[in-house]
Amino acid sequence: MDFQALEPALLAAGQDSGALIGVLQQAQEIYGYLPIEILEYIAERMEIAPAKVLGVTTFYAQFRTRPVGKNLVMLCQGTACHVTGSSAVAEAVGEFLGVAEDDMTEDGLFTYTNVACLGCCSLAPAMMVGDRVFGELTADKVVEILEEIKNEE
Amino acid sequence: MRNEELKIVVGRGSCGNAAGAGRVFDFFTEAGFVPTIAGCIGACYLEPIVELYDGARRVATYVRVDLEAAAEIVKYLENQNSSDDEYKISEADAAILFGQTRIALANCGIINPEEIEEYIARGGYEAAKAAIISGTAEEIIEEIKVSGLAGRGGAGFPTWFKWQACRNSPGGEKYIICNADEGDPGAFMDRAIIEGDPHAVIEGMIIGAFAIGSAHGIVYVRAEYPLAIHRLNIALEQARQKGFLGANIFNSGFNFDIRIKAGAGAFVCGEETALIASLEGERGMPRLKPPFPAQKGYKGKPSNINNVETFANVPWICRNGGAAFAAYGTENSRGTKVFALAGKVKNGGLVEVPMGATLNHVIFDLGGGIKSDKAFKAVQMGGPSGGCIPASLGETVIDYKSLAATGAIMGSGGMVVMDEDTCMVDLARFFLDFTCKESCGKCTHCRIGTKRMLEILERICAGGGRDGDIETLEELAESIREGSLCALGQTAPNPVLTTLKYFRDEYENHIVHKKCNAKSCRPLITYDIIAEKCVGCGLCLRNCPVWAISGEIRDIHIIWQNDCTKCGRCVASCPFHAIIVQ
């Protein structure tokens, strides 16, 4: 594993344990997820117990310890989305991608995950793919969107 | 004649972008115009919204602007004889949108959030300047006290009291923190305010920092809000360049700067002490109070935490006086409140109303009523910590006391509207699933109690409800409320208790008769074909994903109950309404 890319973040953080979450966020940005080697390396460099680094990592929903596809599909399961049919959307996504939640598709293009509210409630049911928000989804519409993204790749 | 004078403003909040505002913006650019952007104006159901301004005067508002509409607008701009009426906002929508009393949202959707000059042109940073140059901390706190401003994040604690406590707390280094970790499902006003008017929040923080004597500000914002973080970063940089942040602000000798901390996704971090733990790089777990953050907060120093909407109200109060703010609202709840309307309501989006308005006013007069004109059943206020208020209490006045009397809370202002198709038991299950996942695990009653409640609710929704389940739920609710340290646990049973209070018959119907009133719990419903209505077209058969329907063309079809997964696609596909759900 190449640790070099993480160097600027680690140098800026030094041994300030308050910067741990920020370092983890940058590491995830670089590597796509947080493999155990990275966590151990961060622990060593920041002089924080590895158990604590893992504890923080697993506490927050944003951090992933498994690799994800190129397109992370975040399906909102907030209240507004729930009452407007987000479970049918999630089912359609699972069926289309042919994988379980949090698993990566074989071609490495997609991982889908159910998340708490994305704050786009007026567009419910909503999802985010990367930084893009899609709203007023139906089982058919979500498949269309994913197909389009797949074709773009 | 081409009209170059008019300014084209495209709404580019997250909602506008999702509706296609980016394409519309690019279209105007390619047509040779120089459009600008604005944040969310609140009418998300009308996005993408494009407005024309003659100087500061709004001359036209176009709604649901697709590329075709944009082309028409360009035509109109190039030749005034052409008509643009087709895409203009309706009178009814305009009355709702422009008829609101807006304080926190005053600039949202109007100014370009990425241009500090537009904020300044509307009186921005005047309040901060006046406060710092010619005011005293005591005067500011007194003004906020007169205004009656209370925390808009949920708890409704008087803002002046927190500021005073932090100011009086001994210790040189103090922190002022803006809580933008809007984790409450169904609320999105904080996102919209930061995306649409970030300088109002910054100015509110500057005034607050001066009042409590703090040099360090932190905005703790959700990582799920990339656009909000982006705009806030731009705004901070512009404020620094103007000298509104940094050393020696307004040459007064007062130093203050703000940094952004992106949260990493944990609902419990909305709680003050958990938020502080998260800022310190720890797992976001609450701790016992006292000591309160005002005494011992971030890094052990006195800290003051307010919500985004609270800060956004501060500059207005300082400019117009606390009494002007207090003139709105009721005896115990002053000012205005922003509500996020979502769910089965027609006009989804943000509205700002004076405290004291009724729920019906917000849902029907501003929200336009229920989608597909179904029956209004209930509204969920305050997210997972709040409760369900039934339609029969629609005349309830919106203030802290009246809402608490129903068993719900004001919360951060999320209003998820539900119609007859929403099952109240399933809704309670949904919220318990949320709090169970989001419980930090520190308190046993919250960690295990919510899990036990969830298991019971799941069983009831799956048709396994037993005699005594309701009583067990009530007992668990009581012990979780008493045995939890923070508000997450203390309020986690609220959705169950309020649905039990107002919709007990639905629970009983699930448990005793194994039937779901709203026909939404799959294990409790069956799909059947009405022989008299079926013409044997075969559409349902072709749409069934599990081959649970059989029948020859022009013969009556049947659904094999053992194979049916109750997905509902046959109902949606039948043009003759021959399939019923029971």
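This is a predicted model: local features need pLDDT of at least 70, side-chain atom pairs count only at pLDDT 80 or more; totals for chains, interfaces and linings use all residues.
I started with the fold of chain B: of its contacts (heavy atoms within 4.5 Å) with a separation of 6 or more, 70% are between residues 24 or more positions apart. Residues are numbered from 1 along each chain as its sequence is written, chains are lettered from A and ligands numbered from 1 in the order in which they are written, and side-chain values use heavy atoms, with hydrogens and water left out.

**Chain B overall**

I looked up the secondary structure and found 24 helices and 18 strands in chain B. These are DSSP runs, numbered from the N terminus: H or I of at least four residues for helices, E of at least two for strands. The C-alpha trace of chain B spans about 85 × 70 × 40 Å along its principal axes.

**Where A meets B**

Next I checked the interface. Chain A puts 35 residues into the contact and chain B 50 residues. The buried area is about 3,100 Å², with 59% from carbon and sulfur atoms; this is the accessible area (1.4 Å probe) lost on putting the two parts together, summed over both.

I found three salt bridges between the chains, each a side-chain nitrogen of Lys or Arg within 4 Å of a carboxyl oxygen of Asp or Glu. I looked at one of them, Arg522(B) with Glu91(A), at 3.3 Å from N to O. On the chain A side, the elements giving two or more residues are α2 (20-31), α4 (50-59), α5 (79-83) and α6 (86-97). α4(A) gives the most, with five residues.

**Arg191(B)**

I ended on Arg191(B), in helix α9 (residues 189-196) of chain B. Is Arg191(B) buried or exposed? Buried, because its relative accessibility is 2%. Leaving out residues up to four places away in sequence, Arg191(B) touches Gly119(A) and Cys120(A) from chain A, and Ser14(B), Cys15(B), Glu182(B) and Tyr225(B) from chain B.

Definitions and conventions:
Buried means under 20% relative accessible area, exposed over 50%, partly exposed in between (1.4 Å probe, protein chains only).
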